[in-house]
Amino acid sequence: MQAVQITEHGDTDVIEYGEYPDPEVGRDEVLVDVKAAALNHLDIWTRRGMPGLDLEMPHIPGSDGAGIVEEVGAGVTRFEAGDRVALSAGVGDLRMDDPTLDPRFHIIGEHVPGIHAEYAAISEDHLIPVPEDVDWTVAGSSCLVFQTAWRMLIERAELEAGEKVLVLGASGGVGHAALQIADHAGAEVYATGSTEEKLRYAEDRGADYVCNYEEQDFADWVRDETGGRGVDVVVEHVGAPTWQDSLKSLTKGGRLVTCGGTGGGNPETDIPRIFWNQLEIIGSTMATPDQVDDVMELVWDGTFEPAIREELPMSETPRAHEIIENREGFGKVVVRPDSEL
């Protein structure tokens with residue numbers, strides 16, 4: 001088969017699209033004929049190489065994708081040939097109440113081979129059904145960011161209707177999902193973006209107030225808009241460049257919930273502000289199967305909608321990485337096997 005492959009850690013020149021051995025289907029696995037997949041910042045980090053990440057090279061990336069079941073292993077009970085499925089990439093012990101807290105928790109596409117290929121063999125436990133009327137572009141680009149944002153806001157931050165929420169980078173992957181979820185939950189939504197186009201998008205998707213962070217300090221803006229109070233929740237996924245202003249944006253007793261640090265993972269922090277204002281710093285990673293089902297039902301019925309900034313053949317995956325790294329446009333970058341185009 002043809003597959004996207006990272007040959008070593010480095011810049012985009014380490015990405016290749018070419019022949020790779022066909023996957024062998026295990027007893028509890030499903031062979032998926034991939035129709036569409038998508039990139040996340042996770043793919044950038046995996047390509048660059050993160051501390052502690054030890055991959056067998058070449059490595060197939062990809063934590064988002066969808067397609068048709070081609071074959072099932074002898075122990076598979078949930079799917080059969082011809083079913084439409086999408087990947088839910090978090091892998092933990094399903095006997096636990098919260099598999100994301102399994103010490104061995106890992107992510108398909110980051111720690112083990114992913115789905116950016118013509119075919120992928122995936123455990124049936126990490127696939128979800130896709131309704132017939134859902135477009136492959138939507139099915140292949142939604143699961144990772146919407147489950148991440150849902151767990152952050154609904155489960156971890158315990159967002160309530162009427163609260164004020166600040167969503168950083170509201171036109172990015174997690175950002176544009178969090179924006180829609182916060183609006184759906186009845187929150188008053190504050191959003192940041194770097195261009196007028198991105199801010200108009202944020203308004204169309206539920207933002208009540210928007211700020212161009214390239215032109216003004218967003219913490220000062222939040223204080224002005226809230227009469228000095230601040231917001232109840234900040235959705236953080238940038239890290240070092242925004243951390244201090246995110247803390248400044250919170251009201252007393254506010255919650256900062258974070259799922260990553262795309263701009264840097266080791267920010268300076270303001271401990272006196274945290275203890276004096278009794279702030280909560282909450283980490284969040286992926287979601288439980290029940291949480292995935294809850295949020296994806298709202299994607300499948302059109303309540304939530306992924307933004308697609310570009311769709312490319314998998315052979316142009318280096319360009320897809322550049323789009324994300326250069327912050328071009330907004331939403332997800334979708335890649336499809338060249339044989340599908």
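This is a predicted model: local features need pLDDT of at least 70, side-chain atom pairs count only at pLDDT 80 or more; totals for chains, interfaces and linings use all residues.
An open sheet is formed by 6 strands, arranged in the order 12-11-10-13-14-15 with parallel pairing. Strand 12 (209–212) and strand 15 (280–283) are the edge strands; each has a single partner strand, so one side of each is without a neighbour in the sheet. From one strand to the next, the twist averages 20°.

Backbone hydrogen bonds are what pair the strands of a sheet, in either a parallel or an antiparallel sense. Strand 11 (residues 188–193) runs parallel to strand 12 and is joined to it by 4 bridges. Across from Ala191 is Val210, which belongs to strand 12. Strand 13 and strand 14 are also paired in the parallel sense, over 5 bridges. There, Val235 has Val257 of strand 14 opposite.

## Helix 3 and the cover of strand 14

Helix 3 (residues 143–156) lies across several strands: strand 10 (164–167), strand 13 (231–236), strand 14 (250–258) and strand 15. Relative to strand 13, helix 3 runs at about 155°.

How many residues of strand 14 are buried? The count is 7 of 9, so strand 14 is largely enclosed by the rest of the structure.

The structure contains 19 salt bridges. Arg47 is buried, with a relative accessible area of 1%, whereas Glu325 is partly exposed at 28%.

Asp64 and Lys332 form another salt bridge, with an N to O distance of 2.9 Å. Because Asp64 is in strand 4 (residues 64–72) and Lys332 is in strand 17 (residues 332–336), the pair ties together parts 268 residues apart in sequence. Both partners are buried: Asp64 has a relative accessibility of 1%, and Lys332 has 2%.

## A further strand pair and a network

Strand 17 also holds Arg336, which ties strand 16 (residues 308–313) to strand 17 through Glu311. In this salt bridge between Glu311 and Arg336, the closest N and O atoms are 3.4 Å apart. The two residues are 25 residues apart in sequence. Glu311 is partly exposed at 37% relative accessibility, while Arg336 is buried, with a relative accessible area of 16%. The cut-off for buried is under 20% relative accessible area, so Arg336 falls within that class.

Salt bridges with shared partners also connect Asp33, Lys35 and Glu340 into one network.

Which residues make the nonpolar surface patch of about 420 Å²? Ile271, Phe275 and Trp276 make it. Phe275 is part of helix 8 (residues 271–276). With a relative accessibility of 55%, Phe275 counts as exposed, because the cut-off for that class is over 50%.

How values were computed: Residues are numbered from 1 along each chain as its sequence is written. Side-chain values use heavy atoms; hydrogens and water are left out. Patches are made of residues with over 30% relative accessible area and no salt bridge: like charges are joined within 9 Å, nonpolar side chains (Val, Leu, Ile, Met, Phe, Trp, Tyr) within 5 Å. Accessible areas come from the Shrake-Rupley method with a 1.4 Å probe; for residues, only the protein chains shown count as cover. A salt bridge is a side-chain nitrogen of Lys or Arg within 4 Å of a carboxyl oxygen of Asp or Glu. Buried means under 20% relative accessible area, exposed over 50%, partly exposed in between (1.4 Å probe, protein chains only). Two strands pair if DSSP finds at least two bridges between them. Axes are lines fitted to C-alpha atoms, for helices over the stretch in contact, and angles run from 0 to 180 degrees between N-to-C directions. Contact means heavy atoms within 4.5 Å.
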